[in-house]
Amino acid sequence: MSNCGNCERTGTCVSVHGSINEMQDRASAMGVDTVFDRYQLQQPQCGFGMQGICCQLCSHGPCRITPKAQYGICGAGADTIVARNLLRLAVHGAAAYSHHLEELARTIKATAAGKTPFSIGDEEKLRQIAGIIGLDAARPAAELADQLADVLLSELRKGSDEPLALVKLFAPKTRLEAWEKLNVIPGGVLSEIRDALTKTMSNIDTDPVDLLLTTIRLSIATGYMGLVGTVTAQDILLGTPALTRSEADLGVIDPACVNIVAHGHVPLMATAVIQAAKTPELVKLAREAGAAGIKVYGSMCTGQELMQRSAGSAAGFAGQLGNWIVQELYVATGAVDLVMLDMNCSIPGLKAAADRFHTRLVSVDRIVRMAGVEDHVDYEPEKAARQAEELVKMAVETYKKRGKDIHVPQAKSAAVAGFSVESILGALGGSLDPLLDAVKNGSIKGIAAVVGCTNNRNGHDVKSVTITRELIKRDVLVINAGCCSSATQAEGLMTPEAANDAGPGLKAVCQALGIPPALNFGSCVDIGRIGVAVTAIANALGVDPSALPVAASAPEYLEQKAVADGVFAVAFGLLTHLGPVPPVTGSPLVTSILTKDVEGLTGGRVMVEEDPVKAAEAIYAHIMEKRRGLGI
Amino acid sequence: MKSIMIDLDACNGCLTCTLACAAAHSRSGSIVGAMQEKTPARIFIEAVNGRAVPVTCRHCEEPACAEACMTGAMRKDSLTGLVSNEGHEQKCVGCWMCIMACPYGAVTAHPRERVALKCDGCPGLPQPACVAACPNRALRYEEPAFFAAGRSRDAACSAAQAS
């Protein structure tokens, strides 16, 4: 239950957003089960699982570490079981990011061959990156893009004994030194995944310290390929985000239109669908069906990707509906005709909600399957234009079956989007100096990345919104990405007017530049963009990232990609706040390493704090300590 | 007489007691078998603000359920002290008076048969199945005075450390 304390429904509501509480009431009245209902039915949850001290690997198990049994049947203690479970979570994250990058590389190759509806969106970045990785940057763009995609694919697939080029080329020197000492500079990501999975099999690697180092190594691979690599390749293909305006929250849904929701993480099919939805013959088809037009909305990270590029390749984007928890509730409006499910975060509960209405679910990625969903339009770069057209036609057909029971909440907020290192440099006149000066003179005390998932443990989006508010109040500039972006967008924190809620220093900077105090960096994969930004700041100041007045927070982290992200942030040298307590507390050793000892090795550490105000205070204290360290 | 005593702070909500209870009352006698037979558990773990709280029959000295029972099926055995509606001459008819009378909600309705269902104290076992299975020693089968002595020692230790 929500405990944000902002209104008379405190203690009985489920979300920080009025629209979501309104829709949950409607879903309850209609007998549609949601995440919120199922969460209650799962209480109480098992303490062994919560602490990570349950092992289900072999048929002697499941074993649990209990007051009477300090070891599993094989002799593995709490430290081994916890570290092994954590690495398995990170492997999942690394694998999913690799899938995203591979789809992208395939698309770039097909685009270079002129077989997709896309074109190279940022040729300047293509040439710049190609130059850095040692390609002949003077070659024609298509040829260069094809070569770059080949490099990415070979980096994904090479052996774990061949160091990743992107790490060597893009990581700050001081980081490389720290990682070399720990022997955690990774090789090819798929090989690292194989090694890590092999290590986590029963009785192969049972040394908790080595398992944690492997988690760090895998997370660095994820950081530079899955995050930085994906973001860069995505910019090259779809264009680097440029400043733009959009809208967020369920009130953006227009019941008069054929409504398509792009849900997931990989914005390729979604971009093709936005383009298809603008073609006159499909618009005509929608009008003939009785609709005013066709609208493509965003959900979760695919939506953030589209919003970030709505001044370019995603022009025509109709707005962001919400994050992970919102999926069943936008279906419950009765006004959503088709949801296209791309990789990751399509919950099985969505099908039951969709069946209660007319909504059609279509998987658009070969690895996404959901019981009962029979429509698969699996993305293939060469067929994307035709597939997008087919999806829009399916949506128009489904629109004709729409019922009369429709309810769309009024709530929506404006949002400024399109922040990236490049667009920030553009806004600052080509140099980071104005931003660095503001940090040096204390108008901005520091920068915090409040990123990652949403989670119902403390009420939907309560923690991400509260931490963002508390930080901007303390003159800390906030960067949001992932589901946290949807959270703060809906609450108006990504409008320039939100500067009024910031402390005097940050407020003045925001007003001078006309920017919000919470900047949208995009999807969860755009956490890579934050890595690029921190690297740029560290290089400009000539210090290691761990010396900067910056911090990361994943206040509502939920799934495995976030585990790899979080460990990467620690490896990168950042204080990394986690909201829900990760399943490691059953091991005193792992808990101590992650929250204390690792700081001596990488400069970063995990900070666990469930109270969002106390978490913001601790992040602020950390930032002030780093300022003192730099003498500013 | 020994009783099921609960150390609330030690319970972490793992639900092992509910599985062991169901197993002990199933035909198969195993946890997996009980899950397949859908044997109901007779001990409940309630969640209160995220905290797990075990609730089970206290086998009261003057049981409200037995008082309310119309057929006489629900009775307290004077020898064992256990309160049960099973194994007696009189049959439970499922009038649910016992359910309405019990202040703890420890008596419930069988999900498929028209009989009341409650903890029978696992007669014949050295200790109730839930207690034997608890990995955290949150459930104990002890003389109440022995449990109290442990508590009073703990309280005394804390007081001494604090002073």
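In this predicted model, chain B and chain A meet through a contact that takes twelve residues from chain B and ten residues from chain A. Putting the two chains together buries about 820 Å² between them, and 58% of that area sits on carbon and sulfur atoms. On the chain B side, B:N12, B:A47 and B:P135 give up the most area to chain A, and these three together make up 47% of what that side buries. As for salt bridges, the count between chain B and chain A is zero.

Where the two parts touch, 15 residues of domain 1 of chain B are in contact with 16 residues of domain 2 of chain B. About 1100 Å² gets buried between domain 1 and domain 2 of chain B, with 52% of it on carbon and sulfur atoms. In domain 1 of chain B, the residues that lose the most area to domain 2 are B:P40, B:R42 and B:T56, which together account for 47% of what that side buries.

What about salt bridges between these two domains of chain B? The count here is one. B:R42, already named among the residues that lose the most area, also pairs up with B:E86 in a salt bridge, and the closest N and O atoms of that pair are 2.7 Å apart.

Next come the open spaces. Rolling a probe the size of a water molecule over the atoms shows where empty space is left. The largest pocket holds about 1800 Å³ of space. A total of 47 residues line the largest pocket, and those closest to its centre are A:Y39, A:Q45, A:M50, A:R457 and A:V581. Elements from both chains take part: α2 (35–41), α3 (47–51), β1 (54–55) and α4 (78–112) of chain A, along with β3 (51–55) of chain B, each give two or more residues to the lining of the largest pocket. The largest share comes from α4(A), with five residues. Sorted by class, the lining of the largest pocket has 22 nonpolar, 19 polar and six charged residues.

The second largest pocket contains about 680 Å³ of space. Its lining is made of 30 residues, and A:Q128, A:F170, A:V421, A:E422 and A:V532 are the ones nearest its centre. Where in chain A does the second largest pocket lie? Domain 1 (78–238) and domain 3 (418–630) of chain A both give residues to the lining, so the second largest pocket lies between them. The elements of chain A that each supply at least two residues of this lining are α5 (123–132), α7 (165–170), α8 (173–182), α10 (208–238), α17 and α22. Of these, α22(A) gives the most, namely seven residues. The lining of the second largest pocket divides into 15 nonpolar, seven polar and eight charged residues.

The structure holds eleven cavities of 30 Å³ or more. In the largest cavity there is about 300 Å³ of space. Its lining counts 27 residues, with A:I424, A:L435, A:I447, A:L477 and A:L519 closest to the centre. Two or more residues of this lining come from each of α17 (421–427), β11 (446–452), β12 (476–482), α21 (504–513), α22 (527–541) and β14 (550–554) of chain A.

At least two residues of the lining come from each of β11, α22, β14, α23 (560–571) and β15 (575–578) of chain A. The largest share, five residues, is supplied by α23(A). The residues lining the second largest cavity split into 14 nonpolar, five polar and one charged.

Technical notes:
Residues are numbered from 1 along each chain as its sequence is written. Chains are lettered from A and ligands numbered from 1 in the order in which they are written. This is a predicted model: local features need pLDDT of at least 70, side-chain atom pairs count only at pLDDT 80 or more; totals for chains, interfaces and linings use all residues. Side-chain values use heavy atoms; hydrogens and water are left out. On a 1 Å grid over the protein atoms alone, a cavity is a set of points where a 1.4 Å probe fits but cannot get out, and a pocket is an open set with protein on both sides within 12 Å along at least five of seven lines; lining residues have an atom within 4 Å of a point. Grid points are joined across faces, edges and corners, and a volume is the space filled by probe spheres set on the points. Helices (H or I, at least four residues) and strands (E, at least two) are DSSP runs, numbered from the N terminus. Ala, Val, Leu, Ile, Met, Phe, Trp, Tyr, Cys and Pro count as nonpolar, Asp, Glu, Lys and Arg as charged, and the others, Gly among them, as polar. Contact means heavy atoms within 4.5 Å. Buried area is the accessible area (1.4 Å probe) that two parts lose on being put together, summed over both. A salt bridge is a side-chain nitrogen of Lys or Arg within 4 Å of a carboxyl oxygen of Asp or Glu. Domain bounds come from an automatic or database domain assignment.
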